[in-house]
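Here is a short tour of one protein model. Keep the sequence and the 3D view open as you read.

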Amino acid sequence: MAPIAVGDVIPDGTVSYFDEQDQLQSVSVHSLAKGKKVIMFAVPGAFTPTCSTKHVPGFIEKADLLKSKGVEEILCVSVNDPFVMKAWAKTFPENKHVKFLADGAGKYTHALGLELDLSEKGLGVRSRRYALLVDDLKVKVANVESGGEFTVSGADEILKAL
């Protein structure tokens with residue numbers, strides 16, 4: 001399966017998160033993105049070094065600027081369960097705008113064609129690191145990393161496209 005690319009419509013799929021009332025919610029990706037300009041970025045794993053110290057903090061720090069440029073939702077996706085994503089989100093008390101979404105079985109990541117097999121490192125099949133700028137479900141920017149790199153999927157790269 002070819003990875004998601006510029007011009008594609010993002011597939012629908014179900015992701016989970018804990019809402020402000022600490023209730024587990026399962027929602028369709030299309031319900032979060034239809035009719036909106038959204039950033040969907042993914043990390044190989046919650047609590048992993050690059051994800052926790054660079055990738056997520058960049059989007060949290062730049063969230064107000066991204067919103068000022070018309071971004072309505074900033075969605076962080078990881079192949080982890082919603083309880084892990086909830087615990088990880090709590091490590092970023094300054095976060096006001098990034099929604100942490102669990103793709104527990106990796107089905108949505110598979111639908112995007114962005115799986116990364118990290119079995120050798122004991123992590124199983126995860127997501128490649130990426131950032132998508134999506135406008136009304138259509139991909140406008142697809143910044144997908146190779147291997148374990150972190151060069152094109154940060155908030156600064158998305159800002160250049162806005």
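Strands β1 (residues 14-18) and β2 (residues 24-28) pair in the antiparallel sense, over five bridges. Strands here are DSSP runs of E with at least two residues, and helices are runs of H or I with at least four, numbered from the N terminus. Two strands pair if DSSP finds at least two bridges between them. Y17 has Q25 in β2 as its bridge partner. Five residues lie between the strands of this hairpin, and D22 takes a positive phi near 65 degrees.

This is a predicted model: local features need pLDDT of at least 70, side-chain atom pairs count only at pLDDT 80 or more, and totals for chains, interfaces and linings use all residues. Residues are numbered from 1 along each chain as its sequence is written, and side-chain values use heavy atoms, without hydrogens and water.

Buried residues (under 20% relative accessible area, 1.4 Å probe, protein chains only) of α2 include C51, H55, V56 and F59.

Which residues line the largest cavity? They are V15, V29, L32, M40, L75, V77, L101 and Y108. A cavity is a set of points on a 1 Å grid where a 1.4 Å probe fits but cannot get out, and lining residues have an atom within 4 Å of a point. α1 (29-33) and β4 (73-78) each supply at least two lining residues.

Note on methods. On a 1 Å grid over the protein atoms alone, a cavity is a set of points where a 1.4 Å probe fits but cannot get out, and a pocket is an open set with protein on both sides within 12 Å along at least five of seven lines; lining residues have an atom within 4 Å of a point. Buried means under 20% relative accessible area, exposed over 50%, partly exposed in between (1.4 Å probe, protein chains only).
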